[in-house]
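Visitor: Could you walk me through one part of this protein up close? I'd like to look at the aromatic rings and what surrounds them.

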Amino acid sequence: MVLDRTVLSDVQWERIAPVVPGKDGDPGRSGTDNRLFVEAVLWVARTGAPWRDLPSGFGNWNSVFRRFRRWAQKGVFDSIFEALSGDPDFEYVMIDGTIIRVHQHGAGAKGGLKIRPSAGRAAV
């Protein structure tokens, strides 16, 4: 599968490339294709699809997901956000919570607002 559409421009990639781990010269294993990985993360964020539905052109979904978790735990995405926050295309970041489900204990609980008299009124 050929990915004909990318989210990041070359200028944007040049701004975030220095902050991503896995570059030549970094300790440990170097990333095979950091830009393709970032594009995969942006594809999942843009479409809202589960990781298992990641197109094979981005690589194995589980490998991409595990790498995503490692980067998230290290705060790499915070650094990427800082590098791109001045860009007009990334000026506003929206998080859509419409597809996030509430935990079973967080919905449908009995009760509601209970009005109780204050201690001063109860004594009168």
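Guide: Let's start with the whole chain: among contacts (heavy atoms within 4.5 Å) with a separation of 6 or more, 55% join residues 24 or more positions apart. Keep in mind that this is a predicted model, where local features need pLDDT of at least 70 and side-chain atom pairs count only at pLDDT 80 or more, while totals for chains, interfaces and linings use all residues. Residues are numbered from 1 along each chain as its sequence is written, and side-chain values use heavy atoms, leaving out hydrogens and water.

The protein has five helices and zero strands (DSSP runs, numbered from the N terminus: H or I of at least four residues for helices, E of at least two for strands).

Now for the rings. There are six aromatic pairs here, meaning Phe, Tyr or Trp rings (for Trp, the six-membered one) with centres within 6.5 Å; planes under 30 degrees apart are stacked, over 60 edge-to-face, and the rest tilted. Take W51 and F68: their planes meet at 45°, so this pair is tilted, with ring centres 5.1 Å apart. W51 sits in the loop between helix 2 (34–47) and helix 3 (61–74), and F68 in helix 3, so the pair ties together parts 17 residues apart in sequence.

How covered are they? W51 is buried, at 15% relative accessible area, while F68 is partly exposed at 23% (buried is under 20%, exposed over 50%, partly exposed in between, with a 1.4 Å probe and protein chains only).
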